[in-house]
Amino acid sequence: MIGGGYVGLVSAACFAEFGLDVAVVEKDPNRLNALKQGNIPIYEPGLDLLVQNNIKANRLQFFETIKEAIPDCKAIFIAVGTPPRNGDGHADMTYVHQAALEIAKHLKEYAIIVTKSTVPVGTSRRIAQIIRKENPSLDFDVASNPEFLREGEAIQDFMTPDRIIIGIENDKKDRAQKAQEIMSRLYQPLFQKETPILFTNLESAELAKYASNCFLAMKLSYINELADLCEQVGGNIEEIANAIGLDSRIGKYFLRPGPGYGGSCFPKDTLALIRIAQEAGTPSRLVEATAQANDARKANISGRIIQLCGGNVHNKTITILGLTFKPNTDDMRESPSIPIIHRLVEEGAQIKVFDPVGNEKAKPLLPNTVQYFDRINDAANQADALIILTEWNEFRSLTPKTLKNWMKNPLVIDFRNIYDPKVMKSENIHYYSIGRPLKEKFII
């Protein structure tokens, strides 16, 4: 597994749990040393124990170089980062191509080179070209095996997935059979559980990851726009989401409104698919509108907060609960909290924040005037307004009376709809949530 980041580490640990011998290449010396000792540099529930157990069982090892890791490998996964390229949104393939070149230099026996990273269409064939140019006599195959891991639930997603997608060069029947046999052995425990495993061509597998994430992003942007409509016409977004989610053609997931999507996948993958479609001469207007709507929503949320605080947040103490883009992760990438907090600070607000695991990752991304707290009550003490941006479970257990006692002014702005409006109102708390009745339009 080339790359000891989120995807690479989770995948490696889970493959090791299947009983396979797995070698992970991690070039960052600090991360490498931590991983060798079983210390996990990312937050993912259950991952630390999984890594430690498989290190003890000698099924999981960590190396600094590809040369050290690949001599006896029959399958080599590339799981390096593909961040957006500056300026155009296209995925930066630098690390993928570097990995392919190093594999070509050091691989001596047959192996299948599998792309696990999210990559543009055509990447697997490009990897094959790089390897053949560097090492023309090498016997190998390429495959695409996109990951569908949700942060906070990644181990469960790997062990009990909805499906496995594997792209191979099925235009070459003899090569395709050999590649399919190897990939089938890797996922044998899932075959035995009758998990749907789809073998496609390379291009279909590469595009499937983008297609899935962009469709889910569209659902989120759509439900957010419906929530705004509900506020204007008196509908209840939760009732509407339940009504449409019960339609088996639509499904109930990704129909919860919020301050906009973030994370390592949706923002990056929507931009990448937009670029792929443009370059292919078939622009994806729906995905373009989705990305624009999400950016606009993050900007709009800041304005709502200011309006609800009487049109002015200068010198007001505002408490933010939740910084990460979703619960059960410390990932701050593209989190809605970042532009929201920056705007509030620019408007003169004094910001106090609490996140169960995200404080440290947030510090380099937020203004240096932001105050961080390790306890919710300290963050909420004497606040003029309290804002929920991430739906951590521990926030759900906070009672209205407790919040009211902590705060200077009982104004709660809930962008995750975790509280009951009627209960909040019964405690004389000024309460705003998304797309639901019983809200106060203007709070001074």
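Student: Which residues is Tyr187 in contact with, leaving aside its neighbours within four places in sequence?

Tutor: Tyr187 is in contact with Phe15, Phe18, Lys116, Asn145, Phe158, Ile164, Ile166 and Ile197. Contact means heavy atoms within 4.5 Å. Before we go on: this is a predicted model, where local features need pLDDT of at least 70 and side-chain atom pairs count only at pLDDT 80 or more, while totals for chains, interfaces and linings use all residues. Residues are numbered from 1 along each chain as its sequence is written, and side-chain values use heavy atoms, with hydrogens and water left out.

Student: What makes a nonpolar core, and which residues have the most contacts inside the largest one?

Tutor: A nonpolar core is a set of buried Ala, Val, Leu, Ile, Met, Phe, Trp, Tyr and Cys residues joined through side-chain atoms within 4.5 Å. The largest has 44 residues, and Phe15, Ile112 and Tyr187 have the most contacts inside it. Helix H1 (residues 6-17) gives this core its largest share, 9 residues. Helices (H or I, at least four residues) and strands (E, at least two) are DSSP runs, numbered from the N terminus. Apart from that core lies another, of 42 residues, including Ile78 and Ile276.

Student: Why is Thr115 called buried?

Tutor: Buried means under 20% relative accessible area, exposed over 50%, and partly exposed in between (1.4 Å probe, protein chains only). Thr115 has a relative accessible area of 1%, so Thr115 is buried. You'll find Thr115 in strand E4 (residues 111-115).

Student: And why does Arg150 count as partly exposed?

Tutor: The relative accessibility of Arg150 is 35%, so it counts as partly exposed. Arg150 lies in the loop between strand E5 (140-144) and H7. Not counting residues up to four places away in sequence, Arg150 touches Tyr6, Glu44, Asp157 and Lys326.

Student: What makes Phe15 and Phe158 an edge-to-face pair?

Tutor: Rings of Phe, Tyr and Trp (its six-membered ring) pair if their centres lie within 6.5 Å; planes under 30 degrees apart count as stacked, over 60 as edge-to-face and the rest as tilted. Phe15 and Phe158 are 5.1 Å centre to centre with 85° between the planes, an edge-to-face pair. Phe15 is in helix H1 and Phe158 in helix H7 (residues 154-159), 143 residues apart. Both Phe15 and Phe158 are buried.

Student: How do you know that Phe415 and Tyr432 form an edge-to-face pair too?

Tutor: Try the cut-offs again: 6.1 Å centre to centre and 65° between the planes, so Phe415 and Tyr432 are edge-to-face. Phe415 lies in the loop between E12 and helix H19 (421-426) and Tyr432 in strand E13, so the pair ties together parts that are 17 residues apart in sequence. Tyr432 counts as buried because its relative accessibility is 5%.

Student: What lies over the face of Tyr372?

Tutor: That's Lys363, at 5.4 Å from the ring centre. A charge sits over a ring if NZ of Lys or CZ of Arg is within 6 Å of the ring centre and within 35 degrees of the ring normal.

Student: How do you know that E8 and E9 pair?

Tutor: Two strands pair if DSSP finds at least two bridges between them. Here 5 bridges join strand E8 (residues 317-321) to strand E9 (residues 350-354), so they pair, and they run parallel. They belong to an open sheet of 6 strands in the order E10-E9-E8-E11-E12-E13.
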